[in-house]
Amino acid sequence: MIREISCQEAARYVYGYLDGELEPRTRAEFLQHLEACRKCLGAVEFERRVIDFIRDRGSSESPSPGLRDRVRRLFEAGAGAGNGGSVTRER
Ligand SMILES: [Zn+2]
């Protein structure tokens with residue numbers, strides 16, 4: 001049974017997904033969310049390009065914390081706009 005996840009949860013899974021570290025069920029939930037949510041899909045594509053860009057430059061380092069923060073805010077901004085209300089949730 002695949003449950004629906006929120007944009008906030010999707011934001012937490014994106015790096016695990018890109019790193020191939022999600023459990024199969026979590027990955028299925030994540031992918032299901034992407035099919036329904038273009039904002040998160042766009043953010044994942046953006047993040048994938050960032051990672052490709054960094055790899056192309058020959059650096060083995062992962063994206064900086066600042067960059068991850070920016071992508072996370074991108075998700076959260078999308079979540080608030082998409083639901084027609086302000087989404088504020090404790091972390
Ligand atoms: Zn979403």
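A: Start with direction: angles under 35 degrees count as roughly parallel, over 145 as roughly antiparallel, 65 to 115 as roughly perpendicular and the rest as oblique. H1 and H3 are therefore roughly parallel to each other. Helices (H or I, at least four residues) and strands (E, at least two) are DSSP runs, numbered from the N terminus. This is a predicted model, in which local features need pLDDT of at least 70 and side-chain atom pairs count only at pLDDT 80 or more, while totals for chains, interfaces and linings use all residues. Residues are numbered from 1 along each chain as its sequence is written.

Q: At roughly what angle do the axes of H1 and H3 cross?

A: Axes are lines fitted to C-alpha atoms, for helices over the stretch in contact, and angles run from 0 to 180 degrees between N-to-C directions. The axes of H1 (residues 7–19) and H3 (residues 38–56) cross at roughly 30 degrees and come within 11 Å.

Q: Is the crossing of H1 and H3 left-handed or right-handed?

A: A crossing is left-handed if the near helix is turned anticlockwise from the far one by less than a right angle, and right-handed if clockwise. For H1 and H3 the crossing is right-handed. On the H1 side the contact uses Cys 7, Ala 10, Val 14 and Leu 18, and on the H3 side Lys 39, Cys 40, Val 44, Glu 47, Arg 48 and Ile 51. Two residues are in contact if their C-beta atoms, placed from the backbone, lie within 7 Å. The H1 and H3 contact has seven nonpolar, no polar and three charged residues. In this classing, Ala, Val, Leu, Ile, Met, Phe, Trp, Tyr, Cys and Pro count as nonpolar, Asp, Glu, Lys and Arg as charged, and the others, Gly among them, as polar.

Q: Which residues of H1 and H2 meet?

A: Ala 10, Tyr 13 and Tyr 17 of H1 meet Thr 26, Arg 27, Phe 30 and His 33 of H2. Here the axes come within 10 Å and cross at roughly 115 degrees, and the crossing is left-handed.

Q: Which residues make up the largest nonpolar core?

A: In soluble globular proteins, nonpolar side chains tend to be buried together. A nonpolar core is a set of buried Ala, Val, Leu, Ile, Met, Phe, Trp, Tyr and Cys residues joined through C-beta atoms within 7 Å. The largest one has 12 residues: Cys 7, Ala 10, Ala 11, Tyr 13, Val 14, Phe 30, Leu 34, Cys 37, Cys 40, Ala 43, Val 44 and Phe 75. H1 gives the largest share, five residues.

Q: Is Glu 4 buried or exposed?

A: A residue is buried if 20 or more other C-beta atoms lie within 10 Å of its own, exposed if 12 or fewer, and partly exposed in between, with C-beta atoms placed from the backbone. Glu 4 has 9 other C-beta atoms within 10 Å, so Glu 4 is exposed. Glu 4 lies in the segment before H1, and its C-alpha atom is separated by 8.6 Å from that of Phe 30, 26 residues apart along the chain. Gln 8, in H1, is partly exposed, with 14 other C-beta atoms within 10 Å.
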